[in-house]
Amino acid sequence: MKIFIDSANIDEIKEAISWGIVDGVTTNPSLIKKAVEYFKNQGISFTMEEYIEKLLKVAGKGRWVSLEVIGNTEDDMLGEAETLFAKFNNISNNVIIKIPVNPEIEENGTKHFDGLKVIKKLKEKNIPVNCTLIMSSNQALLAAKAGAKYVSPFAGRIDDFLRKKIGMTFEKEDYYPEEGLVIDEKVLNDDGIVSGVDLVASIKEILDNFNFDTEIIAASVRNARQVRELAEVGVHIATIPFSVIKDMVKHPKTFEGMINFMKDTIPEYREIFK
Ligand code: E4P
């Protein structure tokens, strides 16, 4: 499984890349806001262009960096995608454009359903797309048919959605069972999907059934156990926040073992390294 880091924070991205485990980066407007605030609080100033250029260089060639459009209409999304690609892809040749599958925003009485049209047009222009905000298997199927290189199901947000249905309170990082929650003898579900991991597994099955080239980026990942379950269902890629990547390395018995080995090291053995 490939691991992308779900962050726009250059410090985090650099650190995770230095561990040798990062195959790509995903950003969105909220992650960019968070990263820019982090640097501004340290008195570091830059233009958005400078910041993105640096981010793309830090990620480097061969590691995709997803940059998201902000519009909702076909014209806006297409124009923004072309702008992002033209401005930034020449830096490290690693830009992929994030297009929401189906922004159903109502403007002047018109509802727009333009995500798929934009994906098709970008495919024709050889601009790679990561189709984002995927919340159902059908959306993923349509995005793959329209020509998305990647589809990003939001596993964590599906778990949130299911929990909120029953008014459950929870912390963002809380584990949600892959097999779903049983309430009044029925498994809580969204049109048959019982958890975020189940959504990813369903999309994987559908894409495999028809040999699509489209790969899945499991997004909105909330904890290390969810990453393990995503790996078990064979997802191609998981995009993971740095805090969760760090949790993946931890185990109390590993820590205890290190402390004991340190305590037990005899001076004669230590001498070898002097
Ligand atoms: C990445 O592609 C997504 O934008 C991101 O994983 C969303 O995560 P969130 O649901 O934690 O905001």
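Start with strand S8, residues 150-153. Tyr150 and Ser152 point one way, Val151 and Pro153 the other way, and all are buried. Buried means under 20% relative accessible area, exposed is over 50%, and partly exposed lies in between, with a 1.4 Å probe and protein chains only. In a regular strand the side chains alternate between the two faces of the sheet.

Some ground rules. This is a predicted model, where local features need pLDDT of at least 70, side-chain atom pairs count only at pLDDT 80 or more, and totals for chains, interfaces and linings use all residues. Residues are numbered from 1 along each chain as its sequence is written, and side-chain values use heavy atoms, leaving out hydrogens and water. Strands (E, at least two residues) and helices (H or I, at least four) are DSSP runs, numbered from the N terminus.

Which strands pair with S8? One is S7, residues 129-134, parallel to S8 and joined to S8 by three bridges. Pairing takes at least two DSSP bridges. Cysteine 131 has valine 151 of S8 as its bridge partner. Between S7 and S8 the chain passes through helix H6, residues 137-146, in a right-handed β-α-β crossover. Right-handed means clockwise from the first strand over the helix to the second, with the strands pointing away from the viewer.

S11, residues 215-218, also pairs with S8, parallel, over two bridges. There, tyrosine 150 stands opposite glutamate 215.

Now the loop between helix H7 (155-165) and strand S9 (182-183), where phenylalanine 170 lies. Why is phenylalanine 170 called partly exposed? Because its relative accessibility is 23%. Beyond neighbours within four places in sequence, phenylalanine 170 contacts Asp160, Arg163 and Lys164, contact being heavy atoms within 4.5 Å.
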